[in-house]
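Please look over the sequence and the model below before reading on. The report that follows is meant to be read beside them.

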Amino acid sequence: MTESIRLAKRLAEQLACSRSEAEQYIQGGWVQVDGVLVQEPGARILPQQQLELLPNATLDPVAPVTFLLHKPARVDVEAALHSISAETLVDNDRSGLRFLKRHLLNLTISDRLDTNASGLLVLSQDWQVVRKLVDDAAKVEHEFIVEVDGELSADNLALLNHGLSFNNRALPPCKVSWQNETRLRFAVKGAVPGQVAVMCEKVGLEVISVKRLRIGRIPMASLPVGQWRYLLGYERF
């Protein structure tokens, strides 16, 4: 019976490189086995299987990435994270990046959404992005569109803009206005999950849906529900 061998060991022998370099090539998405991309250094292969190092392969470190995901309503954040794959990458992604399994490691979800809410969700490996969205959260504006049912007086609209509390904490001023007859637009700094819905309920409105359209200077734009793209190098929150 032919025994299998670890992919990293076989590649190191084939390329006459170190085992750690072989692992870097594999995790960087540069190695195919019988024409299929394999990204796990510990994968077992048979001696007769063919290994190929793809053109332009490099040992340069894989840069940290940030995902912009359109989270569906009634899907919790962890389930949304597991939906990220090559198949759900939006067709018009302009990053030029190849989706790698290691892009899913050590992700920080900086601005969570309530399970019932939909819209823009940011997941990042980049400490600079995380620092901006976590350490400077009070300065980063979030834009929401909230569909509501009920009557809203001028006084209560003013109260939404300033005067409410959430979790026993007075909320800072925000910007709330009607987008149309049933939808309110919120521009809120330092928003936390559930805050916008509770604000509406406190002034007698029934919340039908909540969608986050923007975080800082990054809009969700035309990103379809359940799909994602990479944050581009020049984009800043």
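The sections below go from the whole chain to its strands, and then to single residues.

## Basis of the report

This is a predicted model, in which local features need pLDDT of at least 70 and side-chain atom pairs count only at pLDDT 80 or more, whereas totals for chains, interfaces and linings use all residues. Residues are numbered from 1 along each chain as its sequence is written, and side-chain values rest on heavy atoms, with hydrogens and water left out.

## The chain as a whole

The chain contains six helices and 16 strands, where helices (H or I, at least four residues) and strands (E, at least two) are DSSP runs numbered from the N terminus. Its radius of gyration is 23 Å, well over the 18 Å that the globule rule gives for 237 residues, so the chain is more spread out than a compact globule. That radius is taken over C-alpha atoms, and the rule is 2.2 Å times the number of residues to the power 0.38. Along the principal axes, the C-alpha trace spans about 80 × 30 × 30 Å.

Of the 237 residues, 41% are buried, a term that means under 20% relative accessible area, with exposed set at over 50% and partly exposed in between (1.4 Å probe, protein chains only). Among the contacts in the chain with a separation of 6 or more, 68% join residues 24 or more positions apart; a contact here means heavy atoms within 4.5 Å. The chain exposes about 13,000 Å², and carbon and sulfur atoms supply 49% of that area, as calculated by the Shrake-Rupley method with a 1.4 Å probe, and for residues only the protein chains shown count as cover.

Strand β6 (residues 66-71) is mostly covered, with six of its six residues buried. Two strands are said to pair if DSSP finds at least two bridges between them. By that criterion β6 pairs in the antiparallel sense with strand β8 (residues 118-124) over six bridges, and also in the antiparallel sense with strand β16 (residues 228-230) over three bridges. In the pairing with β8, His70 has Leu120 as its bridge partner and Thr66 stands opposite Ser124, whereas Leu68 stands opposite Arg229 in β16.

Seven of the seven residues of β8 are buried, so this strand is largely enclosed by the rest of the structure. Strand β7 (residues 108-109) pairs with β8 in the antiparallel sense over two bridges, and there Ile109 stands opposite Leu123. With strand β14 (residues 206-215), by contrast, β8 pairs in the parallel sense over two bridges, and Ser118 has Lys211 of β14 as its bridge partner.

## A three-stranded open sheet

An open sheet of three strands has the order β3-β2-β5, with antiparallel pairing. The edges are β3 (36-37) and β5 (51-53), each with a single partner strand, so one side of each is left without a neighbour in the sheet. Two bridges join strand β2 (residues 31-33) to β3, and Gln32 has Leu37 as its bridge partner in β3.

## Residues in the loops

Most residues other than glycine have a negative phi. Arg74, in the loop between β6 and α3 (77-82), has a positive phi of about 65° although it is not a glycine, and it is exposed, with a relative accessible area of 65%. Asn106, in the loop between α3 and β7, likewise has a positive phi, near 55°, and is exposed with a relative accessible area of 71%.

Ile84 is also found in the loop between α3 and β7, but at 4% relative accessibility it counts as buried. Not counting residues up to four places away in sequence, Ile84 touches Phe67, Phe99, Leu104, Leu123 and Trp228. Ile84 and Ile5 are 79 residues apart in sequence, and their C-alpha atoms are 30 Å apart in space.
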